[in-house]
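Hello,

Here is the structure for your files. My notes on it follow below.

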Amino acid sequence: MKKLSARRRHPLAALVVLLLALACTGGLYAVFAPADQAQADETAQSLTIEEGKKLYSVGCASCHGTGGQGTSDGPSLVGVGAAAVDFQVATGRMPAATSQGPQVPKKKNIYSQAEIDQLAAFIASLGAGPSVPTEEQYGPEGADIAKGGELFRTNCAQCHNFTGKGGALTHGKYAPTLEGVSPKHIYEAMQTGPQNMPSFPDTTLSEKNKKDIIAYLDAVNSEKTESPGGLELGGLGPVSEGLFGWIFGLGGLIAVAVWVAARTAKAKKS
């Protein structure tokens, strides 16, 4: 007992006890805390999905079906992912107007971002699909604007025009202007391919490619200098330019021809 008492009074005894206590506390925390945190996260996600389901039942189920399976009035939403919901609802395209034309237009959205996140969580729970991109994915950091311009002219300019002003398609449809569209929504549109637009998954356009295209559009739309080519006629491409050439160019030639003919006739009379 005297030896044991002496060891307890050793100067390092208190330090050893403290280290053992800290090790036990850390071990217990490592065992129990992650499980509690994971359970809390799972509960929060479940609540988000449940709230999204309520919103869906009120604003979306009449067209897309109670389980997102689709109806004659709306396509299936199973597997479209959270990105499609964020794009369609945040831009006001969904819910669509009761009298639909050839294409659902962009309009003022009626949901808050929190409600959009809840809807997106519910739709994502129906089947795996593209997730909402992060700012790191669509932000300008590290983007190559020149490469983005090349990719845009190759993949997008046929419909959206080389400056992103938009353009007409067949049967009353159109490619909307990309001026003033948020980078997140442009990224989501490339991911999901809304309406007439084809989708560009990462196997077709990588995450870096999408970032480059977004940076190019931001550079084009933010330029305040005059067009280096002169009058750009709205930047709408060959339709407006051809119309201008037809009316003013051909009209000018006709006017000159009439003037020359009149001068010639007058000369012959004299």
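**A buried lysine and its partner**

At 0% relative accessibility, Lys210 counts as buried. Here buried means under 20% relative accessible area, exposed means over 50%, and partly exposed is in between (1.4 Å probe, protein chains only). Asp202 is partly exposed, at 48%. The side chains of Asp202 and Lys210 form a salt bridge, at 2.9 Å from N to O. By salt bridge I mean a side-chain nitrogen of Lys or Arg within 4 Å of a carboxyl oxygen of Asp or Glu. Side chains of opposite charge can pair when their charged atoms come close.

**What you are looking at**

This is a predicted model, in which local features need pLDDT of at least 70 and side-chain atom pairs count only at pLDDT 80 or more, while totals for chains, interfaces and linings use all residues. Residues are numbered from 1 along each chain as its sequence is written, and side-chain values use heavy atoms, with hydrogens and water left out.

**Overall build**

The protein has 11 helices and two strands. Along the sequence they run α-α-α-α-α-α-α-α-β-β-α-α-α. Helices (H or I, at least four residues) and strands (E, at least two) are DSSP runs, numbered from the N terminus.

The protein has 270 residues, and 30% of them count as buried. Its accessible surface comes to about 17,500 Å². Carbon and sulfur atoms hold 63% of that surface. Accessible areas come from the Shrake-Rupley method with a 1.4 Å probe; for residues, only the protein chains shown count as cover.

Now the contacts, meaning heavy atoms within 4.5 Å. Take those in the protein with a separation of 6 or more: 60% of them join residues 24 or more positions apart.

**Other salt bridges**

The whole structure holds six salt bridges. Two more of them are described here.

- Glu51 and Lys54 meet at 3.4 Å, N to O. They sit three residues apart in helix 2 (residues 13–59), so about one helical turn separates them. Glu51 is partly exposed, at 36%. Lys54 is partly exposed too, at 48%.
- Lys147 and Glu150 meet at 3.8 Å, N to O. They are three residues apart in helix 7 (residues 145–155), so about one helical turn lies between them. Lys147 is partly exposed, at 32% relative accessibility. Glu150 is partly exposed, at 42%.

**Helix 9**

Why is helix 9 described as largely enclosed by the rest of the structure? Eight of its 10 residues (183–192) are buried. They are Lys184, His185, Ile186, Tyr187, Glu188, Ala189, Met190 and Gln191. These buried residues pack against helix 4 (81–90), helix 5 (113–126), helix 6 and helix 10 (207–222). Just after helix 9, Gly193 takes a positive phi of about 65°.

**Surface patches**

Patches are made of residues with over 30% relative accessible area and no salt bridge; like charges are joined within 9 Å, nonpolar side chains (Val, Leu, Ile, Met, Phe, Trp, Tyr) within 5 Å. Lys and Arg count as positive and Asp and Glu as negative, while His and the chain ends are not counted. A charge is placed at NZ of Lys, CZ of Arg, CG of Asp or CD of Glu.

- Negative: Glu135, Glu136, Glu141 and Glu207 form this patch. Glu136 belongs to helix 6 (residues 135–138). Glu136 is exposed, with a relative accessible area of 66%.
- Nonpolar: Leu243, Phe244, Trp246, Ile247, Phe248, Leu250, Leu253, Ile254 and Val258 form this patch, with about 950 Å² of accessible area together. Leu243 lies in helix 11 (residues 238–269).

**Two loop residues**

Lys173 sits in the loop between strand 1 (167–168) and strand 2 (174–175). Lys173 is partly exposed, at 31%. What does Lys173 touch, not counting residues up to four places away in sequence? The list is Pro102, Gln103, Ala168 and Asn196. Lys173 and Pro102 are 71 residues apart along the chain, yet their C-alpha atoms are separated by 5.7 Å.

Ala96 is in the loop between helix 4 and helix 5. Ala96 is partly exposed, with a relative accessible area of 26%. Leaving aside neighbours within four places in sequence, Ala96 contacts Val104 and Lys107.

Best wishes
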